[in-house]
Every structure is written in C-alpha cells, then in structure tokens.
Amino acid sequence: MSILRQLQDKGLIFDGGMGSLLQAKGLRAGELPEVWNITRPEVLREIHAEYLAAGCDVVTANTFGANPFKYASPSFDGGPAGKEEDRYTLQEVVGAALSHARFAVSQAGHGYVALDLGPTGRLLQPMGDLAFEDCVDAYARVVREGAGAGADLILIETMSDLYELKAALLAAKENCDLPVMATVAFDASGKLLTGGTVRSVVALLEGLRADALGLNCGLGPADMLPIAKELIAYASVPVIIQPNAGLPRVENGRTVYDLPPSDFAREMKDVIAAGARGIGGCCGTTPAHIAAMCEVLCQMPQQPGLTDVSDTAAGGGTGILQGNRHKTHTLVTGFADATEISEDPVIIGERINPTGKKRFQQALKERDMSFILQEGLAQQEAGAHILDVNVGIPGVDEASLLAGVVQELQSVTELPLQLDTSDPAALAAAMRIYNGKPLINSVNGKQASMDAVFPLVQKYGGVVVCLTLDERGIPETAEGRVRIARHIVEEAAKYGIEKKDLLIDTLCMTISSGEKGAIVTLEALRRIREELGVKTVLGVSNISFGLPAREIVNGVFFAMALEDGLNAAIMNPSSAEMKKAYHAFRALKGYDAHCADYIEKYQSPPRKADEGNQAQPGKADSSDTAAGGATGLFTAIRKGVKDKAVEEAAHALATRDALTVIHEEMMPALDEVGRAFEKGTLFLPQLIMSAEAAKAAFDVIRNAMGEGDGGSKKKGKIVLATVKGDIHDIGKNIVKVLLENYNYDVIDLGKDVSPEQVLEAVQKEKAPLVGLSALMTTTVPAMEETIRLLHEKAPGVKVMVGGAVMTAEYAAQIGADHYAKDAMGAVACAQECT
Amino acid sequence: MDITGVNRNEIYRYLGAKGGVSPDETMRAFTEDVLRELSGKVRPGHVSLVVPLTVTPEDRIDMTCMQIRSKSLFRNLRGCDEALLFAATLGDGADFLIRRYEKTDMARAAVCQAASAAMIEAYCDEINDAWKKEYKEKGCFLRPRFSCGYGDFPLTCQKRFLEVLQADKRLGIRLTEGLLMVPTKSVTAVIGIGSLQQHEKDTGR
C-alpha cells in the first residue's frame, strides 16, 4: 500500500520529538543537532527504533536544521573550515540522517522515512534579506540529497512564514516525485509569526498541491484542538496534527515540556475525533507518548474512511482515523490572511492599470514604484478587498515588471492581488514570486489560452477569472456563454483545478451598442450559478460605455448583478454610485451585521474617517490661512500644509515671477524650518512635511515656467545607498525626501547595496556626490570599501556618509569627504558639493 | 500592547527634540495617533533562559551554552553567578507599517520608527521590572540589560544567542547575513543575576 493510500484509507502515525530527546542524551543548547548524525550515530538509530516499536508508521530523519546556510557544501562554499559544525557538509549530515532512519525501518520491518525540512533560519525579502529564489535553491539542495539517500516522503514542518513554506514546497515538488506533506506552527491566537491564518495556510498549500497539511509544535494537544478543528473545516486533503507535550517551561536553564504520556494520549483523543488523519508529536514527546497515543487510538471506534462528496474522488476505505470531507471555499490570499469569495460579494480594485493613463504609463516606464503603490493603497483605503495589477504597456519587459510590482505591492499591503496579464511568461514569473495564492486575470475558452494558463494554476495554485469567449468570439446569447463556461470547467478539471478555483466572467457588453447587453450577461450569470455551481465575476462598469452619466447606469446594473448572485466585481472602489449599491445590498441581504458598515459609511454628518489624518499636522490644519498674499506660501511651507502650498504657489505666480517667489518665499521658509530643526524646536516629521509642501510648490512653479527655465531646474545628481549588509534604510529614505524637495535629482539604489553597484550608478549617471548610510558598526567596513572603490575608480566624486553609528571622526577615518549628522546636514553638504 | 508606559520624551528625542523642548499640540496628537495605530499592529513577545555563569580573569565569560570574551560584558557581570538571557520583539507589524508609510507618508514613517523604538524599550523595561521585583524577593539583584554589540561584546554572538533561546521558532526573530535582527524592533540582552548578600559583603555596605 502506498503511503498516500495508507494516509487516506487508514491514517498514519508519525513519530514525536527529536531535539528534546537528543538534549536529554547530552546535546548542549545551541549545538547543531544534525552533527550527531555523524558523531553519535547509535543515538539516532536507537531513537528511530524506539519510535517504530511504539507504533509509528513514519520516522522523521534528523534533518530539521540541515540546510546550506548551516552546513557547508564543498562545491559551493569552498569546503569545510573552522567550527565543529562546519566540518561536515550538507551531503554528509543529510546522507547520514537518512541512513540511520532507513536502518531502523529495515530492522523493524515496517515504516516510512521522512526527509525533514524545517525553516532556514533566514527571513525572506522584503522583511529580511533572503531572495525567494535563493530560498528555493537552498531547499532544493536538501531535497535532492534526501531523495537520493532514500527518503519515502518530504515532511516540511514548524513553518511560520507562508513565503518560506511556498519556497520549500516548490523545491520539493520540482526536485523529486515523493509525496510532500507540510505542517505549520501557530501560536495560541491561531496565527503564524508572519500573520498567516488557518485559511491562508490551507489555500496556499492546497494550491501548491501538498499531499497533506497540518499543525505541529507551538502548542499542546488541548490548545491546538480549536485550531485543528478550524483547519479540518477548511482542508480537503488529509490533516496531520503533531502537538508538543504541553507548554514549555524553563527549569535549570533548560526548556522542558512535561505533559505526561497518559495525559498527552487523552488529549489526542479529541484531536483524533475531530478528524485528524495523521497524528504524532513534536517537542517534548517521546516514544512513550506515541505508544500511549496508539493505545488510545486502538480503543476508539472505527471511523469511516476518507469519504468524498465532490467530483475529484479520493479513496473510500475504513480506518480508525476518519477523513475530512471535500471543501468548496474559494480562497485567495495575501502574505498573511485569506479573503474568501462567497455569497457576500467582494470588490476587486481595477485602478492599477495603465490603459488610457499617461501618468501611470510614465511611472511604469520609469519604474516609479511609489506612484503605483500609492494607487494600490488608495484603493485599499477606499474599500477594495483585492487589487488587480496590470502593467502591460508596449516596450517593457512585462515579466520582470509584473513580478517586480507584485513584490513591491506585497511589501506594503496585506490584500490579495489579481495578476492581470495576457502574457504567459509574465503570469508565470508573477505567480512564482507571489507570496500566497493569487487571483489570475484571466483565461478564456480558447484552447491556446487554457493550454497556457491552466498548467500554471496547476503548479502554483490560484483562483482564475474565466472569460466566456472563445475562438469564435463572444456569443450573443446567454446559452452560448454558458456553453463556453461549461467547456472551461471541464478543461480545468483535466488539470485537477476544481470549480471552487474558477470565477466565470459572463462579460459586460455596453448597452449603448445593443440594448439586450445587460439582460444577456445577467441571464448567463444566473444560469452559470445554478447549472454549473461556479462563482462569478464581472467588470461591471463596461456596461455603460459610451453613455453619459455612466455612474447612474453602473450603480443600478451592479445592484441587479449582485441580486443575480455576482460574487466579485472588478471596479473602481472610489465610485460613489457603485459603492452605494454595494453597501445597501450587503445591508439588505443580511451580510452587514447591525448594518454597522452601512451606518458608518453613510450616517450624516459622516464620522471622521481616519482620526490619524485629523491628528496629523499639515493635513487637516487649515486654520492658519490668514496671512495670504506675500506670506501665504511662506506660511504654508513652514507649517507643512501641502495643499495650501500648491494653492498659494499658483496664487503667488499670478502677481510675481517664479524666481522672486522661490527666493523670497520658498527658500526663506525652508531656511527657517531648517534652523528650527537644528535648534531642536521643530521635529523631524515637521521638517519632512515642510519639505514635501515645498516640493509640491516647486512642481507648480516648474509647470508654470516650462522646462529649461532658470531657477526651477534640478540642481544636481546625487546617488544614495544604504551599504552592503545593512537593511535599515529609513534614515537614507528621509534624506532622499529632503534632497528631492530641495530639488536635487536623487538616484536611490536602496538598501544592502554592493560597492560595485554604487560605482556603476555613479559612472552611469555622472553624479558628483554620493550619500552612503550605515546603521550598524558591522556594516561600516562595507562603507569603507565602497568609499575606497569610488575614490579609486571615480576620482573627483565626493562621498558623504551618515547613519546612527557614524561620527565626524569615524567618517574621516574611513576616508569619507563629508559627514552629515542628520538629514539637514545632508542638504547642507549637497549645497556645498554640487 | 498597552502604550501608557511608552516614554514619550524618548520618542520626541528620536525625532529631534533637544534640551527638553516640548512638542506642540499637533505634534503630540500625531505621536499619540501613531502609537495607537502601532499598538493594534504589534504582537510583542519574549523568551528567556537562566544559565549558570562563571566569570574568570582575562575577561572570559562562561555561560555553559556560550563562551564569550569581552571586557565590557565582564565588567557588567562582575559579582554575578547566574545570567538571564533574554530576547524580545514587537513582531513584524511595526516594520510593515514603517515600510508602508515610507511609500506614502514619510513624516508618519519617521514617527512610526521613533515610536516603535520607544515601544520595544518600554516592553523590555516592563518585563525587567517584574523580574527585578521577583529576584529581589529571592535576595538577588539584577544588572542592567547588556546587548550584543555594546562595547566589545561582539555582534557575532547574536547567532548563538538566538539559537540558545530558540528565538526563531518561538518569536520569529531571525538574522540577516549581516547579523541584524528581523523584525528590526527586537532586542536581545544578558542580564546578570547576583546575590544581594554577597554584593553587600563585596562592597562593604
């Protein structure tokens, strides 16, 4: 019987703790446990043998921490060196671990061996500094070693970051044919350390086709039970539960877990009854715990096997561990939580799209991420649940651009994204890098489209928008669109893509060119819901194309579609009429408890939407408008009121020329603000806001004067970077804002930048000044190296340095030309050097 | 997290206040608002471990699970016979907010940065104060927190430190290649524990 068959039909018993047993046998705290695979082989063989004797079906090889970041790999890292743990290669520790487990299994005459993959110990970008593909590559090396050394399955466990989980699963799937199971460590609140939830874990893992999923570590069986129940309620694949022996306690400098075997077994009874299909233990559990658990299991009544009510069959059989039923939740996720697309409709913001938007196209060409991110966050603020991301413009490398924008967006928003592209290469790149399970926009009934998109969904997971058009175009009848939808559903099933992962778009055709447009769309929508049982989506506002006062039609049509069962709308979340329809619909249908959302949005007078903005200086404060005329702009900049500065700049230009306005109002205001900051009477946020107000005013003046006119021209180029090894860059970013607002042309290379990258930018941009930032003493050598390289290869270039660790003496010592003690200091230095 | 114990003056100082200058009302309200927003996003947590301590001449410090050579740590731990190893973090919520506001509202990002730095300090102080009380009842005193990177206590110890405390698994604190902690609003420290009686003897008080 194959291991998956056994998991589905009978259930599987996994082993218990390893690290805690090794510690009991003398492993010191902080010592790498995998070293014992080589130095204490008898201990490993004995532990595996005891677990098998206790009744385990699966023993876990001692490879939890075996990864290329901890163990050298001669071909990559130049060979073993130095510390004890560095003496052994990855190949050696993994090979030895598998051989001990295999030996124990062959002696016992039963059992499977799992290759254990734990967290890498590094944090992925954007939180940390590990690139996603480097993480995939690290796991891939372990998987290849383990599969080659005789593993029967891959067990990914104790994961606390969805992104790392995805990297490990992809590596496993891409580098072996073994079954892959993955369990995660939740805290008592039911969250991963990076914010993931039960629903997002299920969505991600099932999307990536894990063969089983579950929970381990973190909690004892009783505390894990409610989370296990929720997991079983969402998961369609078998669920594995491996708790600790209670909560940790520190005793004599040691972490101990002291739930005795009998209590552990008793608590596991509830976990088994809840529907876990694989059971075992984690920290603190011993062969005695597993034996006690097996005894309890034997006394429990037989449970029906994994009975499946859906169309994708998976076994029958009977066993003591019962199966969980197939689920139909449509889930997409961001990096943390999932969004469910259900009867309670969701809004997909459509604004990240360059079509017909010149400014947006320019931002994409210049890779001005800030502009794009603000468009995304504004939609989130306006109530979007999911953000559509379309970056398709001619003449760009869409694959790298889409992947880049997706990563940037996911660093600032927790919302799920809808990847919107017709380029399969761009879709593949973005789906791979995506942190979570995305929405895909779109596939259609053309064979070529399905052939391109479905394999990607099969591999990476996702929910797909399906357009009801095919090689013959868009059918004019509802019947024709339902026929295409049916065909798409059938074709998707060939890839194992279920109905819950499809959203059918019955296509809005404007009523201005055919009065039956809306009727046909809605009839098709209803029939698809009823006849096919698939959820739906529409790009709602297309319905009114070519008509005046489109908002009116859009709002009413949206309400009609919602009543016909529309699950998701691709729309502008700021559209007032459509939002009215949306909120009223949810209140009327009972989705809005106590009409709370509706009341909050529409009560009169409206409640302050965001107290934060109210409290923030420079945003709400318009009381200080009295001055006007000669001092209006001066005051607006000094107070940091951006909108007012724009208004006053235009006003001032009506009576005076640009240079006078700049020299008599703007510069004095900035100087006064700078002096107040120096004295410490004005704070950093106020300095930033004044600078931003000045920038907005400069933009007005520049527009009025036209390019090439004196006074408003950019002053000079400055390259900024946080040096190699340093990931703290808020200081550098504040300097950037100030320099830009003093009208310098800033080339920002970001953080963790190598000396060579800085040199390359300086040579390419011919910048006379470089600003380097370092926060930690450990990264100062990298700063010194960068300065040395610049002075050697780009003579004449001046380097200013700053950052928490810097002093004037230190700066001089490492060869810097200037030291800037704060953001204003950097401005002063720029004025001197450019 | 309860924000009442967060030192406001510390935040203002991070934001450039000098010589006891107080912020105006809008600045004060702005700071409070950011603190409120942060308090909904952070998930503070800590782990600790008490280890036996042997301090020998030549500045060698043996904590069984870690051996360190550091003059400044040696000075800090003199007269102690145990050490409390400690790690705390606000979680990734603060970093996320700072990252978001850096793209949309730099002034708010700067306040977020300053306020969350003060928050992690306040959180550490709160835990330390409780320990101080607890140890005083046992007749012991606690030395001030001492972190990797202070004086000549090498930052390279951070790796071992986090491993010993299982700070990755239990708090989600990990290191970058350059040995910086992420989430960035995290603290590790050694706290010396000594007997009050012995201390009085040694100092003649």
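**Briefing: a buried isoleucine, aromatic pairs and the A–B interface**

B:Ile11 has a relative accessibility of 0%, so B:Ile11 counts as buried (buried is under 20% relative accessible area, exposed is over 50%, and partly exposed is in between, with a 1.4 Å probe and protein chains only). This is a predicted model, in which local features need pLDDT of at least 70 and side-chain atom pairs count only at pLDDT 80 or more, while totals for chains, interfaces and linings use all residues. Residues are numbered from 1 along each chain as its sequence is written, chains are lettered from A and ligands numbered from 1 in the order in which they are written, and side-chain values use heavy atoms, with hydrogens and water left out.

**Around B:Ile11**

- You'll find B:Ile11 in helix 1 (residues 8-14) of chain B; helices (H or I, at least four residues) and strands (E, at least two) are DSSP runs, numbered from the N terminus.
- Leaving aside neighbours within four places in sequence, B:Ile11 is in contact (heavy atoms within 4.5 Å) with B:Val6, B:Thr31, B:Leu35, B:Ala114, B:Ala115 and B:Ala118.
- B:Ile11 and B:Cys112 are 101 residues apart along the chain, and 9.5 Å separates their C-alpha atoms.

**Aromatic rings**

- Searching the whole structure turns up 10 aromatic pairs over all chains. For Phe, Tyr and Trp (its six-membered ring), rings pair if their centres lie within 6.5 Å; planes under 30 degrees apart count as stacked, over 60 as edge-to-face and the rest as tilted.
- A:Phe132 and A:Tyr163 are stacked, because their ring centres are 4.7 Å apart and their planes are at 20°.
- That pair links distant parts of the chain, 31 residues apart: A:Phe132 is in helix 7 (residues 132-148) of chain A and A:Tyr163 in helix 8 (residues 162-175) of chain A.
- A:Phe360 and A:Phe371 make an edge-to-face pair, at 5.9 Å centre to centre and 75° between the planes.
- Since A:Phe360 lies in helix 13 (residues 358-365) of chain A and A:Phe371 in helix 14 (residues 369-381) of chain A, this pair ties together parts 11 residues apart in sequence.
- A:Phe360 is buried at 1% relative accessibility, whereas A:Phe371 is partly exposed at 25% relative accessible area.
- A:Phe371 also has A:Arg359 over its face, 4.3 Å from the ring centre; the rule for a charge over a ring is NZ of Lys or CZ of Arg within 6 Å of the ring centre and within 35 degrees of the ring normal.
- Over in chain B, B:Arg108 lies over the face of B:Tyr101 at 5.3 Å from the ring centre, and B:Phe146, B:Tyr150 and B:Phe153 form one aromatic cluster.

**Where the chains meet**

- Chain B puts 58 residues in contact with 71 residues of chain A.
- Together the two chains bury about 5,200 Å², 59% of it on carbon and sulfur atoms (buried area is the accessible area, with a 1.4 Å probe, that two parts lose on being put together, summed over both).
- B:Arg43, B:Lys103 and B:Arg174 supply 13% of the area that chain B buries against chain A, more than any other three residues.
- Across this interface there are 5 salt bridges, each being a side-chain nitrogen of Lys or Arg within 4 Å of a carboxyl oxygen of Asp or Glu.
- A:Glu414 and B:Arg100 meet through their side chains in a salt bridge, at 2.7 Å, N to O.
- Helix 4 of chain B gives the largest share of the side of chain B that touches chain A, 8 residues.
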